[in-house]
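This briefing goes through one structure by topic, beginning with a charged side chain and moving on to packing. Please keep the sequence and the model in view while reading.

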Amino acid sequence: MSQLISIDPGKCKCGLVVAEISEKKVYKAIILKSELLEDYVRNLNTVQDISKIIIGNGTTSREIRDKLDFFKKEIITFEEKNTTYRAKARYFELFPIRGLKFLIPREIFIFNKNLDAISALIILEDYCKMKFTLNQDIDFKTWLK
């Protein structure tokens, strides 16, 4: 089972998703401090069959790519324009508002939320030209600090 990692790089924090392309499923979605990314990917690479890493081409993408040079398979830098903006809409596709909450303005549900992992998902979906589904109950706001 070959998996892809997609990263939304940032100066202080990064969004990261791990997905299986043949199943179109996301198995892991986290937000982590940028300085923890290298060790996290290194550990992940020892227990998973990671075939490729996709990194958004925004803030600090070159530095992130340099940190991941130990990864001897393909690393791709891919367009990430507007992913943070698009992450808000994708959040509600993944987690639709139900019941009386529908009467409350949508922005309240994502106010002060970290959408970096959803941005990483959008980078992955744009790269693969397909939508992915979530495996079980993934919390895209999970922080690894």
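Glu 93 counts as partly exposed because its relative accessibility is 47%, where buried means under 20% relative accessible area, exposed over 50% and partly exposed in between, computed with a 1.4 Å probe on protein chains only. The model is predicted, and local features need pLDDT of at least 70, side-chain atom pairs count only at pLDDT 80 or more, and totals for chains, interfaces and linings use all residues. Residues are numbered from 1 along each chain as its sequence is written, and side-chain values use heavy atoms, with hydrogens and water left out.

**Salt bridges**

- The structure holds eight salt bridges, a salt bridge being a side-chain nitrogen of Lys or Arg within 4 Å of a carboxyl oxygen of Asp or Glu.
- Glu 93 forms one of them with Lys 131, with the closest N and O atoms 3.0 Å apart; this pair links distant parts of the chain, since Glu 93 belongs to helix α3 and Lys 131 to the loop between α5 and β6 (133–134), 38 residues apart.
- Lys 131 is partly exposed, at 49% relative accessibility, and salt bridges with shared partners join Arg 90, Glu 93, Glu 125 and Lys 131 into one network.
- Arg 90 and Glu 93 also meet in a salt bridge, at 3.0 Å from N to O, and both lie in helix α3, three residues apart, about one turn of the helix; Arg 90, at 7% relative accessibility, counts as buried.
- Asp 116 and Lys 13 form a further salt bridge, in which the closest N and O atoms are 2.8 Å apart; because Asp 116 lies in helix α5 and Lys 13 in strand β2, the pair ties together parts that are 103 residues apart in sequence.

**Helix α3**

- Helices (H or I, at least four residues) and strands (E, at least two) are DSSP runs, numbered from the N terminus.
- The twelve residues of α3 (residues 83–94) should span 16 Å at 1.5 Å a residue, and the end C-alpha atoms are 15 Å apart, which agrees; the expected span is 1.5 Å times one less than the number of residues.
- The buried residues of α3 include Thr 83, Ala 87 and Leu 94.

**Aromatic pairs**

- There are two aromatic pairs, for which the ring centres of Phe, Tyr or Trp (its six-membered ring) must lie within 6.5 Å, with planes under 30 degrees apart counted as stacked, over 60 as edge-to-face and the rest as tilted.
- The rings of Phe 78 and Tyr 127 are edge-to-face, because their centres are 5.4 Å apart and their planes stand at 90°; Phe 78 is in strand β5 (residues 74–78) and Tyr 127 in helix α5, 49 residues apart.
- Tyr 91 and Phe 92 are likewise edge-to-face, with ring centres 5.3 Å apart and planes at 90°.

**Nonpolar cores**

- The largest nonpolar core has 23 residues, and those with the most contacts inside it include Val 17, Val 26 and Phe 132; such a core is a set of buried Ala, Val, Leu, Ile, Met, Phe, Trp, Tyr and Cys residues joined through side-chain atoms within 4.5 Å.
- At least two residues of this core come from each of β2 (13–20), β3, α3 and α5 (116–128), and α5 supplies the largest share, eight residues.
- Apart from this core lies another, of 19 residues, among them Leu 37, Tyr 40, Ile 55 and Ile 75.
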